[in-house]
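Hello,

The structure is pasted below for you to open. My notes on it follow.

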Amino acid sequence: MSFVELLLVAVGLSMDAFAVSVCKGLSVKKLGVKHALIAGAYFGGFQFLMPVIGWFLGSRFEHIITSFDHWIAIGVNMIQESFSKAEELNDDFGVKTMLMMAVATSIDALAVGVTFACLEVSILPSSALIGLTTFCLSALGIYIGHIFGLRFKAWAERAGGAILILIGVKILLEHLGIISF
């Protein structure tokens with residue numbers, strides 16, 4: 001997997017966390033750097049950890065799993081979630097709240113880790129890029145949410161889902177021998 005493809009995966013996976021960060025930013029009355037750092041640390045940390053866990057699981061069950069269906073399923077799920085009701089606005093940055101949101105927004109990264117095992121992607125640098133990208137976008141999302149509000153939340157999730165679907169289709173076409181990059 002090329003760096004550009006991996007970066008697109010990282011951005012796609014970051015969109016859920018970015019959207020939640022936008023909502024969190026909207027709810028904060030007095031925004032501080034600590035809010036951005038907390039969101040970035042939780043979301044980025046879990047986006048790093050979940051692909052690693054998924055990779056270890058995928059390494060065990062590689063013979064059962066195909067290399068393209070997860071990308072498409074994850075992307076479709078992200079787009080479907082973008083049409084669901086908006087998250088409740090909540091200015092709580094406590095451990096319990098942030099932990100629940102970080103786990104919820106990183107489940108798709110677990111499936112990506114499984115796919116990485118099937119594709120024999122080097123997991124630590126890949127997960128580090130995903131985590132760092134998510135950290136940056138989540139921290140940025142806090143500020144954007146504080147400034148612009150919920151206007152772009154659904155579009156961010158749809159863009160992330162579309163990116164993952166396109167990567168899944170590309171991998172499928174390569175797997176079938178229709179294209180090669």
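Trp 55 has a relative accessibility of 23%, so it counts as partly exposed (buried is under 20%, exposed over 50%, partly exposed in between, with a 1.4 Å probe and protein chains only). The model is predicted, so local features need pLDDT of at least 70 and side-chain atom pairs pLDDT 80 or more, while totals for chains, interfaces and linings use all residues. Residues are numbered from 1 along each chain as its sequence is written, and side-chain values use heavy atoms, without hydrogens or water.

The count of aromatic pairs is one. Trp 55 and Phe 56 form an edge-to-face pair, because their ring centres are 5.1 Å apart and their planes stand at 80° (centres of Phe, Tyr or Trp rings, the six-membered one for Trp, within 6.5 Å; planes under 30 degrees apart are stacked, over 60 edge-to-face, the rest tilted).

Elsewhere, the charged end of Lys 24 sits over the ring of Phe 93, 4.8 Å from its centre (NZ of Lys or CZ of Arg within 6 Å of the ring centre and within 35 degrees of the ring normal).

The largest nonpolar core has 16 residues, and Val 9, Leu 13, Val 112, Phe 116 and Ile 130 have the most contacts inside it (a core is a set of buried Ala, Val, Leu, Ile, Met, Phe, Trp, Tyr and Cys residues joined through side-chain atoms within 4.5 Å). H1 gives the most to this core, four residues (helices are DSSP runs of H or I, at least four residues, numbered from the N terminus). A second, separate core has 14 residues, including Ala 17 and Tyr 42.

Regards

Technical notes: Helices (H or I, at least four residues) and strands (E, at least two) are DSSP runs, numbered from the N terminus.
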